[in-house]
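Trainee: I would like to go through this model by asking what each label rests on. Could we set every value against its definition as we go?

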Amino acid sequence: MSNIVLAQAAETAANINPGLAAIGYGVGAVGPGIGVGLIWASVINGTARQPEAQGQLMGIAWISFVLVEVLALIGLVVYFIASAA
């Protein structure tokens, strides 16, 4: 009996309104947007303070940028999974 209830709960949980999924992705994309801005602002600030460290700062910035953008892409994939249900 409890297996039937769990299956029904899983069915209703997977049925998310596509509009709600779009709003969720929009809110989820704010974080990576702020993160990218902070990364490049720090690179500009660090290069202005110590120009000889620009190469090292750019390497760190690109790695950080990729990690932040992966979070945004994961949010996009979750949006498509949620809206396809």
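Mentor: Let us begin with G75, which is found in helix α4, where a helix is a DSSP run of H or I with at least four residues, a strand is a run of E with at least two, and both are numbered from the N terminus. This is a predicted model, in which local features need pLDDT of at least 70 and side-chain atom pairs count only at pLDDT 80 or more, while totals for chains, interfaces and linings use all residues. Residues are numbered from 1 along each chain as its sequence is written, and side-chain values use heavy atoms, with hydrogens and water left out.

Trainee: Why is G75 called partly exposed?

Mentor: Buried means under 20% relative accessible area and exposed means over 50%, with partly exposed in between, using a 1.4 Å probe and protein chains only. G75 has a relative accessible area of 25%, so the residue is partly exposed. In space, the C-alpha atom of G75 is 6.1 Å from that of Y25, although the two are 50 residues apart in sequence.

Trainee: Which other glycine in helix α4 can be treated in this way?

Mentor: G59 is found in helix α4, and its relative accessible area of 34% makes it partly exposed.

Trainee: How many helices and strands does the protein chain have?

Mentor: The protein chain has 4 helices and 0 strands, and from the N terminus on the order is α-α-α-α. Buried residues make up 14% of its 85 residues. If a contact means heavy atoms within 4.5 Å, then among contacts between residues at least 6 apart in sequence, 69% join residues at least 24 apart.

Trainee: Where does UniProt place the feature "transmembrane region", and what is the helix content there?

Mentor: The unreviewed UniProt entry places that feature at residues 20-45 and 57-82; the positions are given in the numbering used here, feature names are shortened, and annotations may be inferred rather than shown by experiment. In the model, residues 20-45 are 96% helix and 0% strand, with the end C-alpha atoms 38 Å apart. Residues 57-82 are 100% helix and 0% strand, and their end C-alpha atoms also lie 38 Å apart.

Trainee: How many aromatic pairs does the structure hold, and what makes the pair of W40 and F65 tilted?

Mentor: The structure holds 5 aromatic pairs. Rings of Phe, Tyr and Trp (its six-membered ring) pair if their centres lie within 6.5 Å, and planes under 30 degrees apart count as stacked, over 60 as edge-to-face and the rest as tilted. W40 and F65 are 6.1 Å centre to centre with 55° between the planes, a tilted pair. W40 lies in helix α3 (residues 30-49) and F65 in helix α4, so the pair ties together parts that are 25 residues apart in sequence. W40 is partly exposed at 22% relative accessible area, and F65 counts as partly exposed at 22%.

Trainee: What makes the pair of W62 and F65 edge-to-face?

Mentor: W62 and F65 are 5.6 Å centre to centre with 90° between the planes, an edge-to-face pair. Both lie in helix α4, 3 residues apart, about one turn of the helix. Elsewhere, ring pairs link Y25, Y79 and F80 into a cluster.

Trainee: Which residues make the nonpolar surface patch?

Mentor: V66, V70, L71, I74 and V78 make a nonpolar surface patch of about 440 Å². I74, found in helix α4 (residues 54-84), is partly exposed with a relative accessible area of 47%.

Terms used: Patches are made of residues with over 30% relative accessible area and no salt bridge: like charges are joined within 9 Å, nonpolar side chains (Val, Leu, Ile, Met, Phe, Trp, Tyr) within 5 Å. Accessible areas come from the Shrake-Rupley method with a 1.4 Å probe; for residues, only the protein chains shown count as cover. A salt bridge is a side-chain nitrogen of Lys or Arg within 4 Å of a carboxyl oxygen of Asp or Glu.
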